There are 2 protein chains.
Amino acid sequence: MTAATVSRALSDHPEISAKTKAIVKETAQRLDYKANRIASSLRSGKTNVIGVLIPTAENAFFGSVIHGITNLASKHGYSVLIHECDELYELEVKGIQTFIGARVDGIIASLSRNTLDYEHFLDVKRRNIPLVFFDRVPNLDIPSVVIDGFNGSFWATQHLIDQGYKRIAHISGPLYINTFNDRFRGYEAALKANNIALDKNLIYNGNISIESGMEGTRQLLELPEPPDAIFVAEDFTALGILKQLKISKINVPEQFGVFGFCNDMFSEHTTPSLSTMDQQTVLMGQEAFKLLNRIIENGNEESSSRIVVTPLPVIRESSLKKNY
Amino acid sequence: MTAATVSRALSDHPEISAKTKAIVKETAQRLDYKANRIASSLRSGKTNVIGVLIPTAENAFFGSVIHGITNLASKHGYSVLIHECDELYELEVKGIQTFIGARVDGIIASLSRNTLDYEHFLDVKRRNIPLVFFDRVPNLDIPSVVIDGFNGSFWATQHLIDQGYKRIAHISGPLYINTFNDRFRGYEAALKANNIALDKNLIYNGNISIESGMEGTRQLLELPEPPDAIFVAEDFTALGILKQLKISKINVPEQFGVFGFCNDMFSEHTTPSLSTMDQQTVLMGQEAFKLLNRIIENGNEESSSRIVVTPLPVIRESSLKKNY
DNA sequence: CTGAAAGCGCTTACAG
DNA sequence: CTGAAAGCGCTTACAG
């Protein structure tokens, strides 16, 4: 029996007899033989490996997306190479180069915080390696999976209005990042839809941190006409808001409403518990893999497709004025 | 110029002239040439890939360890294949098989919750693939990185005693898992060191969940002689304890002390904030990679080495009776 | 200092 | 239904 026959038997080639297959498989099992996927990749041109590039795994959001990706990938016979760039442009480029060298069948990526140059991703396109972005996506015509920050923020702001809050402020994330800009625009649109004039004083530019939530809240409270609610673009910042309100002895939600965005691990456990928009992170990972898999199988026809994941409102204590 | 020369020039082979190297490198850059690592792996017998097997990435602990591993791995020229087993034995076996097929240079693994059979890991040893365990380790003579749960728990219990708490209960994790058994024994030893008799009624077997923390606390409070403090093996359970104490209107830390273990994301942000032992997760990942790397480089001489990471106490509000 | 040749372990078109 | 042969793209011992 030749190597060719063994190879065909193990991959269930239709022209091999059932008897031969049985013998080969039994023997392979007995000898604990595991085909060398490196050799098979070299010959077949398919590695069955995808690369996943993320800013950092030390963050529940990305961990959860990874979970969504690897689970599905494994079911479809793919292994996952992971590369963290630590929010550094240089490491992001290095990660892409590693993936290219490894001849991955496709790449799923989320941009580092300070990536402004996309040359490394254009290189990927030039080599016809399927590429999908999620969450932090570039302004390029490349398939991606994003959260519907606009409508989610519209919903949250409307909810605060419906609960009877009158002056609703916004603490944003860095507005040059699309994700946070969308949330700001959703807030803005909800005010307009309710004929509430946008007051520039009620907008504080935060930077995704507890500290900026505290500082923003302090500044907003010192206004001649302070707000009585805040819609905030991210939950760590929301935590800072809750901390500062506690320090300032302002009762949430009776006197002041807070609505976040992300539904982080801790959001359920703050006092009071935080109303927020759940990002459906696992679903996001799954959608990213499904999209990549479709592109790998069908070629680049869906090059400009964009999957929009709807965030789910999670109403907890911090926004329920009407209960009082 | 032949492929051989190009190969040597790109890998800085000492016998190649500086001039040739310069030409080759410039040309490679211009043509955007990236060596095929698949082919080089096949020929050289080294893939420069390590496999990391974890129960789930949807958990801050493992995400953080991954962070520690990938960072160092990348610096040492390794890529990381990741495989989640979702706490399922079958997927754990599948992950190991995938790693073997991919001919990884080494494996870092943490056991699934219900792995009792180690045949797949013995297979790895038989093939002489370097293997390191972390956190959840099997009873095998295989290198590993673990947290010093015994001494950490001793320290925490002693701290509660020093703060003046008199009857200190323990809510454990599943005691058949070494990690949690160590913590129970540390608690036990601290009592003994202080001549406090172990009261079996003060020990509740939890299962790493908010619910078990609440239920355990309820039962402990109903005791004829209820405790006035709890050392708990894990922070989610601690969260349940805090919730139940709030419901039962018992003030922490004045009337009742709570000390956890893990230092999860949320532990800093509970009310009151939770005193706990930090597991140094990133350090754990780094140590695991360093150990693996040493074994890859020096062969299996350190086959029974065990790295013990010291947990760091993080004293917050929930255990500071003396402040009152 | 560089080249020619073999070979890593598979897969696959071609032949029978 | 199975075999013989070529080849994927590198690396490396050997030769010069």
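**Figure 1. The surroundings of A:Ile50 in a predicted model**. Setting aside neighbours within four places in sequence, A:Ile50 is in contact with A:Ile69, A:Ala73, A:Tyr78, A:Ser79, A:Val80 and A:Leu81, among others. Its list of contacts also includes A:Val104, A:Gly106, A:Ile108, A:Phe289, A:Leu292 and A:Ile296. A:Ile50 and B:Ile50 are the residues with the most contacts inside the largest nonpolar core, which has 114 residues. Another core, of 40 residues, lies apart from it, and B:Ala109, B:Tyr118, B:Phe121 and B:Val146 are among its members.

**Figure 2. Strand 6 of chain A and its covered residues**. Is this strand, residues 168-172, mostly covered or mostly open? It is mostly covered, as five of its five residues are buried. Look at where the residues point: A:Ile168, A:His170 and A:Ser172 go one way, while A:Ala169 and A:Ile171 go the other way. Residues on both sides of the strand are buried.

**Figure 3. The partners of strand 6 in chain A**. Which strands does strand 6 of chain A join? One of them is strand 8 (residues 229-232) of chain A, which runs parallel to strand 6 and is joined to it by four bridges. Here A:Ile168 stands opposite A:Ala229. Strand 7 (residues 203-205) of chain A also runs parallel to strand 6, with three bridges between them. In this pairing, A:Ile171 has A:Tyr204 as its bridge partner.

**Figure 4. Chain A and chain B side by side**. A rotation of 180° with 0.0 Å of shift along its axis superposes chain B on chain A, with an RMSD of 0.1 Å. The two copies are therefore related as by a two-fold rotation axis. How many residues does each chain bring to the contact? Chain B gives 49 residues and chain A gives 49 residues. Of the interface residues of chain B, 100% are also interface residues in chain A, so the copies meet through the same surface.

**Figure 5. The area buried between chain B and chain A**. The size of an interface is often given as the accessible area lost when the parts come together. For chain B and chain A, the buried area is about 4,100 Å², and carbon and sulfur atoms give 56% of it. On the chain B side, B:Lys34, B:Ile38 and B:His269 lose the most area to chain A, together 17% of what that side buries.

Figure 6. B:Ser74 lies in helix 4 (residues 60-75) of chain B. Leaving out neighbours within four places in sequence, B:Ser74 is in contact with A:His83 and A:Lys94. Beyond neighbours within four places in sequence, B:Lys21 is in contact with B:Ala9, B:Asp12, B:His13, B:Pro14 and B:Ile16.

**Figure 7. A:Ser319, a buried residue after strand 12 of chain A**. You will find A:Ser319 in the segment after strand 12 (312-314) of chain A, and its relative accessibility is 0%. With neighbours within four places in sequence set aside, the contacts of A:Ser319 include A:His159, A:Leu160, A:Gln163, A:Tyr165 and A:Pro253.

Note on methods
Residues are numbered from 1 along each chain as its sequence is written. Chains are lettered from A and ligands numbered from 1 in the order in which they are written. This is a predicted model: local features need pLDDT of at least 70, side-chain atom pairs count only at pLDDT 80 or more; totals for chains, interfaces and linings use all residues. Side-chain values use heavy atoms; hydrogens and water are left out. Buried means under 20% relative accessible area, exposed over 50%, partly exposed in between (1.4 Å probe, protein chains only). Helices (H or I, at least four residues) and strands (E, at least two) are DSSP runs, numbered from the N terminus. Two strands pair if DSSP finds at least two bridges between them. A nonpolar core is a set of buried Ala, Val, Leu, Ile, Met, Phe, Trp, Tyr and Cys residues joined through side-chain atoms within 4.5 Å. Contact means heavy atoms within 4.5 Å. Copies are superposed by least squares on the C-alpha atoms of residues with pLDDT of at least 70 in both. Buried area is the accessible area (1.4 Å probe) that two parts lose on being put together, summed over both.
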